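Visitor: I've got the model open and I'd like to look at the aromatic rings. Can you walk me through them?

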Amino acid sequence: MLTLFKELFIWWNRQTLGTRIHTIMFGKLVGKDKIGNKYFKDKNGKRWVIYSKGTEATNIPLEWYSWMHYTNNKLEK
């Protein structure tokens with residue numbers, strides 16, 4: 001019961017019910033990092049992450065941070 005309450009109303013505790021529904025209906029799993037975070041995108045190019053633990057942006061590794069922000073972390077010659 002408490003888990004359902006957290007999912008309905010507390011956005012900083014992993015994901016809300018709306019995010020879960022959107023992920024199921026429109027999300028395509030792109031990958032998973034070593035911490036266990038899962039990265040999704042939809043057909044319109046929107047990107048999001050479902051954190052394995054509490055919602056903390058510093059838990060995103062550099063390569064996934066670059067992907068989330070549509071940037072390329074490679075140097076061009």
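**Rings and their neighbours**

Visitor: Is Trp64 buried or exposed?
Guide: Trp64 counts as buried, at 15% relative accessibility. Buried means under 20% relative accessible area, exposed over 50% and partly exposed in between, using a 1.4 Å probe and protein chains only.

Visitor: Which residue makes an edge-to-face pair with Trp64?
Guide: That's Trp67, with 5.5 Å centre to centre and 80° between the planes. Rings of Phe, Tyr and Trp (its six-membered ring) pair if their centres lie within 6.5 Å; planes under 30 degrees apart are stacked, over 60 edge-to-face, the rest tilted.

Visitor: How far apart are Trp64 and Trp67 along helix α3?
Guide: They are three residues apart, so about one helical turn separates them. Trp67 is buried too, at 17% relative accessible area.

Visitor: Before I go on, what sort of model is this?
Guide: It's predicted: local features need pLDDT of at least 70 and side-chain atom pairs pLDDT 80 or more, while totals for chains, interfaces and linings use all residues. Residues are numbered from 1 along each chain as its sequence is written, and side-chain values use heavy atoms, leaving out hydrogens and water.

Visitor: Back to rings: how many aromatic pairs are there?
Guide: Four. In one, Tyr39 and Trp64 have ring centres 4.1 Å apart and planes at 5°, so they are stacked. Tyr39 is buried, at 0% relative accessible area.

Visitor: Which residues do the ring pairs link into a cluster?
Guide: Tyr39, Trp64 and Trp67.

Terms used: Helices (H or I, at least four residues) and strands (E, at least two) are DSSP runs, numbered from the N terminus.
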